[in-house]
Each structure stands twice: as C-alpha cells, then as structure tokens.
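Hi everyone, thanks for coming. Let's take a few minutes to get to know this structure together.

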Amino acid sequence: MIGTKRTSSLSLHSSRHTHTLCRKSRRGVPVARTPLAAGNDDDTRDADSEQIVKGVHLFPGLFKRFHQKNDVFCRTAWDETVQSEKANSFFRSYANPVWRNKGSGFRQEDFALRNAAWHITDFFAELYEADADRREGFLDPLTSVLRPPAVTQFKFSNPRDAAMNMKRTASVFGADSCGITDFDERFMYKKRFSRNKMEEKDNSSEFEGLHKAIVITTTMDHGLLSTTPSALSGAATGMGYGTDTFILLSMAQYIRNLGYEAVPSMNDAALAIPYALKAGLGEYGRNGLLITPHAGPRVRIGKIFTNLPMENDPVADFGVHEFCQICDRCAQACPAQAISFDQPSTDVLNISNIEGVSKWSVDGEACFSFWTKIQTECSVCIRVCPYNRTGTFWDKLWLRLAGSRFRRVALWIDDITARGRRERPADWWAAVEEHKKNPGHRQRTRNLDP
C-alpha cells in the first residue's frame, strides 16, 4: 500500500527555496540559502523576524504555509524522487509484515508487537478512508466519531479557570503535559492531501470560528524506545499514537458536551511542533523535535482546536537552545546523516522543509530512506538525546544543571554515564520473561510493575 501512514518531525520541515546562494550540507549536497541567513543564529535575529521560541525565527516576507502533500510520507504517493519498492514495502509491513529474521529486534515477535501497538490508531485512520476519503489522525481531523456539541453552553467563571479545567481533564485522560495557545493560521496546512484522489483538498471549513488550541503530549515507553533502531521500538511509537487518539477523542467530546466546538487533530491539518512550542510545552532541539522538560523528545503531540475561551500559556525556556548549541549527540548518531551540525538557519534541503523560518532543519528524505531500509521507524535521535530521561531525582538535578551556565558539565556527565546507549531487543524480551517469574522485580530501564 502506497501512502502516508506515519508522520513525525519530518512533516515539520517543509518547502523549497528559490534563492541561488548555496552551501554544502553534511552529506555534501548543495542546499539553498536565503540572503538573510549566514549560518549563525545571531545573524537572523536583527532582521525583520518573529521569534517563536529561542532558535526559531519566522520571516513574514519569506514564510509560506505548508502544503500537506509535500510531507515526505505523502510524497511517496506522487513524487518519483522518494517513491521506491522499499517505501511501498514499509507501508505494507504494518498490515502484512515480512519476517526477514535479520536478528534481534526484527523478528516476528518484534513486528507483531509493533503492529499490535499501532492497531487502535490504524482502526480510526482506516474507518472512513474508503467511503468518505478521510484518513483520520494522519490526513484528516478525528471528527467523524464525535457527537455534536450540547445545546446549552457551560460558562466558566473566567478564561483562566477554563484553562485549568482543560489541563485537569487532560491529566485524567492520560496526558503528560497540556498547554494552551491561540489558533495560528500560519501553522495550519494550506491544503490537505487526498491519497485516494491524489489531489489537494480544503483545510479551512472545519476550523472556522475556532480561536484556541489545546496541545497535549504523551510520553513514549522508555524501555521499548531504548532498543531503536528495531521493529520493537516501533511499538513505543504506536502506543504513543494510540494513547493520543484516546485522549484527543475523549477531551474533544468533553468540550463538546460543555457546548463548545472541538476538533481533535494528531498529524493531520496542522504542524504539531510549532503549536506545542507556542503552548509552552517545550523548546526546539537540534534534532528538529520538541524537547520537553519531563521526557525530552520522547513524546507524541496532539491538538484540539476549539472556541472555548481560555488563558494562554507562556513559551518555555529552560536552556535547551543553549545546550543544543554545544551538543551534537543526535547529529553524530543519526544513521541517515540527516541532522545538521551547523547553527540554525533558513536553509532548506528539499520540498519537505519549511520556507522562511530560521531553525535547525532535518533532511526528511534521508531520514525516511533509512526507515524504508530497516522497514520500521527510527528513533535514534530520541534515544541518544541527553534530555531523554525518566524523571528521577537525579534526572531533575541534571535538568537544572543543563539549564545553567554549567551545561558543559551536564553534557560531560551524560557522556561518562553512557545513558543513551542502545538496549538489545533480546534483553528487553528477557526482562519481560523475568517479570513473569518475579512480578515484584523492577528493571532499571522500565517500570514493568502492574
């Protein structure tokens, strides 16, 4: 099946530049550069730009809204430059995997667990795909299964109380963090993409009159993700999306039951990371991902667009941008060499990069090519990130150190502890078997207790 099953940070880097100034990327390929960016973050701040968060500056005169069809996953349906039999096999593997027995992490039990973890999200994605041309959660908002809003509208005492109510509700349903920001048309897709009809379609009618966005994160399993690259680690991604699906649908229905409009959205309709940044859920990292204070980049993001008046959250600032400037762990470890060693700039590598934004950009084509090679998701940049932690006392202490002028000491500590090393998938399965024999036994890398 050719199509757009998955989206990740790749979908956040869009559009090709037409400027003629070029330099060479890490992979030796010429890439376009705007005259405003000279490879130094400081060079972009004194120009006519808007700072979204530290390290992310938007230039209104150059910025262009992203078309969903240019997402690297969507491009596999129409763009010959990324189409391949390996790409087709990658998408098919989530329904009919081929067991190649490549070794630990790529056996039948690994693919079986990965596909089972994706089952709930895939069920909703495929529910109306054939009859209504809606791939909900990936190409279209998750609205078809929701009941309409109540006739009577509940009135909160003030926008702050409404925001606190939504955060409490998000926590009850399982979200690990929740923030509020304004609806921002710039980060909505200019057009959505129909894979069935191979054409663009409207992305505005469902959001008319909605002026607020509730943004949530859910944390992916640390132990599973520690086995990446492997099919086994894909189960962490699938469970993250499954949890997102439940939370977003439940919260949206709750808001509708209060008498307000609510449109839940995962990777469809809008760029997730800009909304999460604006909602104060984290900072932007060198690996092109949202870096949260509680789990680093090891999160999935969901959004609910609504007309419920709420108080916005301030943007986050806990030292990530400064830390990423001295850390290149993700760029060093990336098997596809898709992550930049340079300073943030307006460079674009292909049509899956955003135009008119100065930031660290990832080569989505190179990244996805590696995914097709191993026939599953890759999360190496998440595993090795020093912010990928589990919230222990020492992790919180390290976070304070990383956000201070002693950040180089924090980086040194992360180096000597080898915290981001890969766990053998066979060891993960062995830990599961050990837990069956001794349910009270607690493993170092995960919580297996019921």
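**A first look**

The protein chain has 16 helices and 13 strands, where helices (H or I, at least four residues) and strands (E, at least two) are DSSP runs numbered from the N terminus. Please keep in mind that this is a predicted model, in which local features need pLDDT of at least 70, side-chain atom pairs count only at pLDDT 80 or more, and totals for chains, interfaces and linings use all residues. Residues are numbered from 1 along each chain as its sequence is written, and side-chain values use heavy atoms, leaving out hydrogens and water.

Of the 450 residues in the protein chain, 58% are buried, meaning under 20% relative accessible area with a 1.4 Å probe, protein chains only.

Now, to the core. The largest nonpolar core has 68 residues; such a core is a set of buried Ala, Val, Leu, Ile, Met, Phe, Trp, Tyr and Cys residues joined through side-chain atoms within 4.5 Å. Which residues touch the most other members? They are Met166, Ile214, Ile216, Met251, Met310 and Phe368. Helix α8 gives this core its largest share, nine residues. Apart from this core lies another, of 46 residues, including Trp398 and Ala410.

Let's zoom in on Met166. Leaving aside neighbours within four places in sequence, its contacts (heavy atoms within 4.5 Å) include Phe156, Ile214, Met251 and Met310.

Finally, a helix pair. Helix α6 (residues 159–173) and helix α8 (residues 234–257) pack with their axes 10 Å apart. Among the residues making that contact are Met166 and Phe173 of α6, and Met251 and Tyr254 of α8.

Methods
Axes are lines fitted to C-alpha atoms, for helices over the stretch in contact, and angles run from 0 to 180 degrees between N-to-C directions. Buried means under 20% relative accessible area, exposed over 50%, partly exposed in between (1.4 Å probe, protein chains only).
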